[in-house]
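Please open the model in your viewer and keep the selection panel at hand. The stops below are meant to be followed in order.

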Amino acid sequence: MVISPDPRATQAALEVLKQGGNAVDAAVTAQWVLNVVAPQASGIGGGGLFLFYDIGTRRILSFDGSVKAPAKAFPGMFLDENGKPLPYQPGRNTGGLSVGVPGLLKLTEEVHAKYGTHKFPFSKLMEPAVRYAEEGAAMSAELAREVRENAKRLTLLDPERVVFFENGIPLREGKKILQPGLAKTFRLIQDKGAEVFYRGAIAKAVVHAVRGNVYRKGLLDEKDLEDYTVAARDPVHASYQDYDLFSAGPPSDGGVMLFRGLNLLSGFGIPGLGQSSETYHLLGEVQKIAFSKRSGVADPDLFDVPLKELLSEAWAQDRVNRIKFDQVLKSEETKVAGPERGKKPAGSSVMIVDPQGNIAVLSATLGDAFGSALRVPGYGFFLNDLLTDFIADPASVKDPGSPELISGGQRPRGAEAPAFIFEKGKPSLLLNAYGPEDPAAVLLNVLVQKIDLRASCSQALEAPRLLVRDKALRMEPGLYDRETIRLKLALLGHGIEKEGPIGSAQIVCFVEGSGRIEGESDPRSSGSAAGF
């Protein structure tokens, strides 16, 4: 089974499985195709997380390839000459200043070296991507939309508009794009391995782009690239109903937030409530408590992260009594802030189950769409803007030692929440989400539908979602249009807003007793699922 955000990546990975490759091989292949056909979302200029279930040892392994701040990074680096924070867009998120040391390439190479097959050398897994880059790939609707929306940022750093434009106009969906620079990059990596990216010709080009671009110069240097390391992490664990759940741990906080939400829901009997206003009231109130304060999760190499406290039963018990069925939480402490104005996170997810039973989920991101909008000249890939995940104004943080403040070598907090869900020691569900909405909130909706309300695999993805922003419930049309539910929630005191599609998710369901698995990609996006 293969699920990815683009059918071309899905098919490339499926061919690897058909030819005897395993889940790791297939995930790597899909990711590099995505770098070509969806360059706005992820690529070798960004970071990623790899969650792997090894059927041979029955172990869940987590690998952290998130970006790192350059050694010379400092808390006030995003202030202007008057000591005021630069505006987010394009002041902070465009150009070299926001670029962290990329980790995705080294992550995939190292995980493949340990857990991929000998049948597919790392270099061979890049071949489908090279073909799309050399021979051309049709522009998807998503890529065409992101080019239109980010045209000003892209042209700040590419005033000649040579990429994704024709006669100065953004290319339309279906237009074939040739990317010879990106093909050259992949060919170099095929020949010399990731070393050429972190110490060779590509490293020099990355540093030149960051420090010499025309808009905003950055701090990254060759030593930062040489020193980059991938970290093996312990996955985080929680229990819900009769299931054991595992996700990536810090510096990503998505799994922690998702599991805090489930710990709160454990105090209520949602299955008995059904598709009612009470269920959606709970879903909203739980998001307010679980997601309102995201501090505490940080780079575990530099900070002590109180995971036991954050995921403890005591934490949930202290807060669950604040949720009432006849009133709405009002405190400012339960305000769920959305992304900073101008920030629109992008990303990708590849989900693989191979015939042997190995499972791989690879989450990757550049930060915003096209990352920093800085494309490495001659090499054809975009660099991330993930350093914008740190606080821009040091004066807004009381603790000078806070992990919210950027420091050299530090990994920013991420929001990824890939989830492996087991029942009686066997895989039962796989979930992941990507895109601009909070993955933890998206997956909380899906899990309530699947586990508590007994929806099918496809129904759990299709069900309308509810997201809390500030203190309002934002509902997809399918929920907002259920007048009885909406009116009851409004009478309780909820602010209610109608929202377009909320998030993009993926799900795999293991059908108990049959040996079959079902995979679904979110109908809200153009991703695809395929198996054999």
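**A helix and what covers it**

Begin at Gly493, which follows helix H20 and has a positive phi, near 115°. The model is a predicted one, in which local features need pLDDT of at least 70 and side-chain atom pairs count only at pLDDT 80 or more, while totals for chains, interfaces and linings use all residues. Residues are numbered from 1 along each chain as its sequence is written, and side-chain values use heavy atoms, with hydrogens and water left out.

Next select H20 itself, residues 483-492; helices here are DSSP runs of H or I with at least four residues, strands are runs of E with at least two, and both are numbered from the N terminus. Its buried residues are Ile485, Arg486 and Leu489, where buried means under 20% relative accessible area, exposed over 50% and partly exposed in between, with a 1.4 Å probe and protein chains only. They cover an arc of only 95° around the axis, which puts them on the same side of H20; the arc is that of the directions from the helix axis to the C-beta atoms. Thr484 and Leu491 are exposed, on the face of H20 turned away from its buried side.

**The three-stranded sheet**

Now show the open sheet of three strands, whose order is S17-S18-S19 with mixed pairing; two strands pair if DSSP finds at least two bridges between them. Strands S17 (466-469) and S19 (495-498) stand at the edges with a single partner strand each, so one side of each is left without a neighbour in the sheet. Four bridges join S18 (residues 472-475) to S19 in the parallel sense, and Ala472 has Gly495 as its bridge partner in S19.

**A hairpin**

S9 runs antiparallel to S10 (residues 243-247), with five bridges between the two, and His237 has Phe246 as its bridge partner in S10. Two residues lie between the strands of this hairpin, and Gln241 in the turn has a positive phi of about 55°.

**The largest core**

Which residues have the most contacts inside the largest nonpolar core? Select Trp32, Phe50, Leu105, Phe164, Ile352 and Phe381, in a core of 87 residues; a nonpolar core is a set of buried Ala, Val, Leu, Ile, Met, Phe, Trp, Tyr and Cys residues joined through side-chain atoms within 4.5 Å.
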